[in-house]
Amino acid sequence: MAQTTAHQAPPVRRPARPAPAKAPARARRWRSVTPWLFLAAPLALLGVFTYAPVANMIAYSFTDWDGISPELHYTGAENYTELFTRPELFQVFFVSLYYLAASVVQIALALYFATILSFDIRFRNLFKGLLFFPYLINGVAIGFVFLYFFQEGGTLDTVLGLFGADGHRAWLGTAESANSSMAGVSVWRYLGLNFVLFLGAIQSIPGDLYEAAELDGANRWQQFRHIIAPSIKPILSLTVILSISGSLSAFEIPYIMTGGATGTQTFVIQTVKLAFQFNKTGLASAAAIVLLLIILAVTWVQRRLVPDERVDLV
């Protein structure tokens with residue numbers, strides 16, 4: 001019986017691909033330098049208009065410069081010592097508590113409206129525009145509008161008089177009522193910014209999650225608790241940082257409406273007056289540095305207490 005043997009065909013040899021030619025050294029150098037050429041102008045502007053003034057402010061904080069004279073003398077830490085040993089210079093931080101309390105109300109309202117308007121309801125685009133519109137108005141204009149709004153016998157008293165309330169009250173006459181009134185103005189103005197941040201974060205959540213939750217019988221509160229709240233945690237952390245720094249550095253509304261009178265002077269208003277009214281630029285620079293360090297410290301503590309965590313709900 002004859003046996004047959006199968007012969008395998010010889011493998012086909014493919015021609016080897018030529019190795020890619022290396023780019024010339026000059027081209028490689030240009031390729032590495034090109035990104036820095038695009039960054040040169042922004043970095044130059046950032047250094048000239050941000051870091052250089054901060055460096056000068058730090059240097060001025062150790063001098064007795066009055067902002068006018070070409071001569072200045074090094075005084076060491078005398079300005080910082082004066083800041084921490086004069087209680088009236090730090091008492092203005094108590095005014096920030098009004099704006100800090102207002103920021104809590106502002107975040108709560110912004111989160112509420114963003115959650116409601118993220119669902120399909122009637123006239124939601126109209127309400128979005130109404131909520132965001134105050135943030136587009138210039139702060140100086142807002143200050144003048146509400147200055148007449150809170151005047152004795154002004155718009156607010158007229159509206160209250162229609163409901164039988166006392167129509168004549170000095171809303172800006174005492175520290176408590178003036179700070180509360182201006183804190184309310186800040187809520188009205190900056191509500192739109194936080195609202196847009198929250199709304200953008202909520203609308204970035206996949207719609208499949210809501211559909212699955214509705215199939216499981218979850219109501220709106222359960223959807224907010226288990227889907228929306230974990231998803232917007234980074235944005236909520238950002239708004240908290242912005243609110244704290246904003247409450248510590250409140251300036252334009254109280255400066256326009258009262259000029260810091262009747263116990264409404266904030267730390268920034270005091271710093272501006274030290275520099276331009278009392279010609280103590282060195283002391284004002286030290287106050288600005290202290291405010292910057294306080295904001296950085298608060299931000300660091302907040303980031304340590306509530307670190308950003310990547311949330312994966314899918």
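Which residues does Phe195 touch, not counting residues up to four places away in sequence? In this predicted model, Phe195 touches Ala110, Phe113, Ala114, Leu117, Lys128 and Leu131, where contact means heavy atoms within 4.5 Å.

Residues are numbered from 1 along each chain as its sequence is written, and side-chain values use heavy atoms, with hydrogens and water left out. Local features need pLDDT of at least 70 and side-chain atom pairs count only at pLDDT 80 or more, whereas totals for chains, interfaces and linings use all residues.

The mean pLDDT (the predictor's confidence in each residue, from 0 to 100) of the protein is 84, and 89% of its residues reach 70 or more. Confidence is highest in helix H4 (residues 96–117), at a mean of 92, and lowest in helix H3 (residues 87–90), at 80. Where pLDDT is low, the predicted coordinates should not be read in detail.

The protein contains 14 helices and zero strands; both are DSSP runs numbered from the N terminus, helices being H or I with at least four residues and strands E with at least two. Among contacts between residues at least 6 apart in sequence, 65% join residues at least 24 apart. Of the 314 residues, 32% count as buried, that is, under 20% relative accessible area, against over 50% for exposed and in between for partly exposed (1.4 Å probe, protein chains only).

A nonpolar core is a set of buried Ala, Val, Leu, Ile, Met, Phe, Trp, Tyr and Cys residues joined through side-chain atoms within 4.5 Å. The largest such core has 21 residues, of which Phe195, Phe198, Tyr210, Ile228 and Ile232 touch the most other members. At least two residues of this core are supplied by each of H4, helix H8 (175–203), helix H9 (207–215) and helix H10 (220–231). H8 gives the largest share, six residues.

Ser181 is also found in helix H8. With a relative accessible area of 9%, Ser181 is buried. Its contacts, not counting residues up to four places away in sequence, are Phe150, Trp171 and Leu172.

The protein exposes about 20,500 Å², 65% of which is supplied by carbon and sulfur atoms; accessible areas come from the Shrake-Rupley method with a 1.4 Å probe, and for residues only the protein chains shown count as cover. Tyr51, in helix H1 (residues 25–60), is exposed, with a relative accessible area of 54%.
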